Amino acid sequence: MEWDTERTFGALPPARGRGFAQSWWGRAWLKALEDTALDGEQLKKGRKYAREGAVGAVSVRPGRITAVVREQDGSAYRSDVLLQRLSDEDWDRFLDMAVERAGHIAALLDREMPPHLVEDAAAAGVELLPGIGDLEPECSCEAWDHCPHTAALCYQVARLLDQDPFVLLLMRGRSERALLDELQVRSAVRAATPHESAGAHEEERAPEGVRADEVFAARDILPLPAPPPFPEEPGRPPVLDTETGPAPGIDVAALEFLAADAAARAHRLLAEALSAGHEQHPVDEELTADQDAVRLAAGAPGPVIAARLASGSGRERAELALAVRAWGYGGRAALAVLEEDWSPDREALARARSRLTEAWDEEERPQFRAQRNRWTVTGSHARLSDAQLRYGRDGCWWPYRKERGRWTPVGPADQDPAVALAVALRSDGQETVGSTAIPRRGDEPPPG
């Protein structure tokens, strides 16, 4: 069997505007170079040569890579970098390890070198990636350490490794064809060998993947992959309406609704987490069970589930509908304004009265009857007495109107009480209600 196959790669174009290694194993190769070289200036020159396309065709064979590097004045230097070949015993251990995990073979066939393959090989005593001091330079410029020419060669090889990790395996001593043939033979032998039991084999098999904390600890040479693109819409929950009936006590419709809600919330939370400056925002307090029932009911779950949510939150159906309406205007804060009746302290009360005084000119200011944090408009016209402003703990004003004898939220909060009152009166602040107009300060008075 021919092990010492040589491959030659044509000169690569200049690497303008990009790094020399995109894959984690390519970066590990460069880390071995940069940790080994004693003179950083030589590495900088080497990067410049490689970036400018000064490296010619690269020859790769077991234990050695070779290329001619040309300087700007036309001088040409033969540069070699040596890497120790794995012994036959090392390859036996690597191949035995690889056939135990179908994922390893699949990764190699996809021209990938996942971290767990390298880790499993190391656990078997086989170091695939080079370490400090493993890349030994030889150059016709007669430098005793890595010179710009051997450094340029290494940077260029990192680009080859990005495309095909078999380049590294060839340097270690085995060609792609020989390696895959041997894996196929060992896989066939293993399949024909009886095992004690499939269950026992599954227990002995190491789990797929690698621990997250181990990857993070090795992030300098095992960088995490780029995150996947943000999904345009939430994922679809599974359909639970099957031929097999549900277990006793399982409400299929409610479970499907909760699954859809969880997907939508996850999509929203991910969008918020990816937004700029998200890390500076405070973490929201967890919703209580009653608040979450209102949030769920706001998702239009249908009459049956809505009835269950009302019962679970201790509300009548009409009360839940009112809470859902408030939630739509401002979430948790709007729900608190609906259901809490509180007395502002002296300082908060002074701020509220100051806002009310400043919102209108004196002769046009509506009259209010204040009760705790609620200011109800009083006046001769019936509709005026059906409007109310509620002062929130955040200093904002919430518009309310009496509908069918019940105070009902009719809009979002505003820091200007005149704006909130205009919403409560179904007015933009200019429209006349009966014979009474309530314009904002600074507006022109109505004609007549």
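**Exercises on cysteines and cores**

The model contains zero disulfides, a disulfide being a pair of cysteine sulfur atoms within 2.5 Å. This is a predicted model, in which local features need pLDDT of at least 70 and side-chain atom pairs pLDDT 80 or more, while totals for chains, interfaces and linings use all residues. Residues are numbered from 1 along each chain as its sequence is written, and side-chain values use heavy atoms, with hydrogens and water left out.

**Exercise 1.** Find the cysteine sulfur nearest to that of Cys141, and state whether Cys141 is buried or exposed or in between.

*Solution.* Step 2: Cys141 has a relative accessible area of 28%. Step 3: buried means under 20% relative accessible area, exposed over 50%, and partly exposed in between (1.4 Å probe, protein chains only). Cys141 is therefore partly exposed.

**Exercise 2.** Which residues touch the most other members of the largest nonpolar core?

*Solution.* Step 1: a nonpolar core is a set of buried Ala, Val, Leu, Ile, Met, Phe, Trp, Tyr and Cys residues joined through side-chain atoms within 4.5 Å. Step 2: the largest has 60 residues, and Trp29, Phe94, Met171 and Leu183 touch the most other members. Step 3: a separate second core of 22 residues includes Phe257 and Trp407.

**Exercise 3.** List residues that Phe94 touches, leaving out those up to four places away in sequence.

*Solution.* Step 1: contact means heavy atoms within 4.5 Å. Step 2: Phe94 touches Leu108, Leu117, Ala121, Val126, Leu128 and Leu179.
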